[in-house]
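Hi everyone, thanks for making time this morning.

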Amino acid sequence: MTRQTSILLLLFFFSLTFGQQEVSKDYPDLIKKADAYYQSKDYKNAALAFSSAFKSNGWKGTPMDRYNAACAWSLAKVPDSAFFNLFRLANRMKFTDINSLETDPDFKSLQTDKRWQTLLEVVQKNKDSAEVNFNKPVVRQLDSIFIEDQKYRLQLDEIEKSVYLSAEQKSKEQQAIWKIIEQKDATNLVKVKAIIDKYGWLGPDEIGYQGNSTLFLVIQHSDQVTQEKYLPLMREAVKNKKASGADLALLEDRILLGQGKKQIYGSQITMDSRTGQYMLSPIEDEINVNKRRAEVGLEPIEEYVKHWNIKYKMADPKEAEANTPVSITNSLIIVSAIFILLLIPLYYFKQFNWLWLFLLICLLNYYGLYMDYSSGDHSTLKEYKGGWVFFSATRMISEYLTVFLLTFSLYKIFKLKHFIVDVISIFGAALLYNYVLIDPMQKLFLPTGMIRFYFNILEPTIFASGFGIITLIIYLINKRKNKKADQSADTSADSAN
């Protein structure tokens, strides 16, 4: 009942008519309950909830629900019930996906049972019967590609679920598997490109639902250039009923995110590196996302994100607007007020020579913070809109003080005064601030830690270099003015003599 398997099964049985039949009013709620139990690893209650759903519906259920019920019974160590659901799936529903059975880790406990081989023989027979008119060589090749594509990704899922490994061990093992996945993906892509270039995008009636989905999976896992190359072909395949609209939606979203844009179907999930929690990538026109998802056969986004334990609530446009921390106008007022306050010590210590640079730093950083918030990249930040304002203001003040104190120390303590000193002080202060002070301050005001920052060695380097260049230009201009003034003074003196 892994996420990958569930999605693929939904595609394999897309043409079945169960969805067109009437179901009991309790069936959907009981299935949701079963899924919730499964996600919390309460497999026994998950299995019982599936049975209750089937009972409420005259002992009928969708192929995907039967499969997931078998997963739950297997993990609950009740093999008789697991095999009952699997044989019902194979005999009555003519289940053909033998690869999922063989690779799904949920069925490991069943594979030593003598009934397992009998089950595989029934499913293989179903597969052979269904594929009588298929392009057999291509089907066999795609079957092999599918196994290679999914095998190691399922291992990632097993590692994530492990209760015996530490977070560090999980990360180390997952990184090793990702290296293998990258190699397998590159090999699979060469094979799939050759198939598509020779035959075009083959439909389910030519290579089956699994083979058809394998074409999508390999393209979906490829690089951005390849995805964009085959996107028009897949769009055409969907129009000709040779590809799934749901698959196309996933590919569209991935390409959009790769282009730095927002996704439109909400299919792409990312993990925050700081918290280790999953979250939705930004969605365009989020209020209508479920409408778009329904049009391509995807479940509501609230249900979809539960697979990653994400608690999602559809944003209200009016509420989102009200939650915006400050408008652009108010932002400028706040920034201006802070600079007026900062002019006092600048005037007292006569350090106007680097005021323009500090102004640039603050404006860029403040604008970046505002754009991060407004873009909706991290919806949970709305809970901390007050913290966001304090963080932004405190950040500007603390950066100013850091630069000021370092410069003042160099001037007064070490008796140094030169534009090179200014360059060094600004570079050092920006570096110190970005790598030492920013992290604790961010955690103090924004517990989620979910803000994108571009701080690295490049920022202080650019600012310090820019300061040096501008200061040098100002120096040359002043030198030229002084030279003209001296010449004028000499001329006046000669006239007086």
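Let's start at K77, which sits just after helix α4 and takes a positive phi of about 65 degrees. Keep in mind that this is a predicted model.

Now step back into α4 itself. The helix covers residues 63-75, and its 13 residues reach 19 Å from the first C-alpha to the last, close to the 18 Å expected. Eleven of those 13 residues are buried, so α4 is largely enclosed by the rest of the structure. Among the buried ones are R66, Y67, A70, C71 and S74.

So what does R66 do with its charged end? That end sits over the ring of F54, 3.9 Å from the ring centre.

Y67 is buried, with a relative accessible area of 0%. The whole structure has six aromatic pairs. One of them joins Y67 and F95 in a tilted arrangement, 6.0 Å centre to centre with 45 degrees between the planes. F95 belongs to the loop between α5 and α6, 28 residues away from Y67. F95 is buried too, at a relative accessible area of 1%. Y67 also pairs with F107, this time edge-to-face, at 5.4 Å centre to centre and 75 degrees between the planes. F107 lies in the loop between α6 and α7, so this pair ties together parts that are 40 residues apart in sequence.

Which residues does F107 touch, leaving aside its neighbours within four places in sequence? The answer is Y67, A70, C71, S74, L86, L101 and W116. F107 has a relative accessible area of 0%, so it counts as buried.

That brings us to the largest nonpolar core, with 34 residues, where L86, L101, F107, W116 and L119 touch the most other members. Helices α2, α3, α4, α5, α6 and α7 each give two or more residues to this core, and the largest share, seven residues, comes from α3. Apart from this core lies another one, of 31 residues, including V138, Y230, L251 and I255.

Finally, let's zoom out to the chain. There are 20 helices and two strands, and 43% of the 497 residues count as buried. Among contacts between residues at least 6 apart in sequence, 67% join residues at least 24 apart.

Key
Residues are numbered from 1 along each chain as its sequence is written. This is a predicted model: local features need pLDDT of at least 70, side-chain atom pairs count only at pLDDT 80 or more; totals for chains, interfaces and linings use all residues. Side-chain values use heavy atoms; hydrogens and water are left out. Helices (H or I, at least four residues) and strands (E, at least two) are DSSP runs, numbered from the N terminus. The expected span of a helix is 1.5 Å times one less than its number of residues. Buried means under 20% relative accessible area, exposed over 50%, partly exposed in between (1.4 Å probe, protein chains only). A nonpolar core is a set of buried Ala, Val, Leu, Ile, Met, Phe, Trp, Tyr and Cys residues joined through side-chain atoms within 4.5 Å. Contact means heavy atoms within 4.5 Å. Rings of Phe, Tyr and Trp (its six-membered ring) pair if their centres lie within 6.5 Å; planes under 30 degrees apart count as stacked, over 60 as edge-to-face and the rest as tilted. A charge sits over a ring if NZ of Lys or CZ of Arg is within 6 Å of the ring centre and within 35 degrees of the ring normal.
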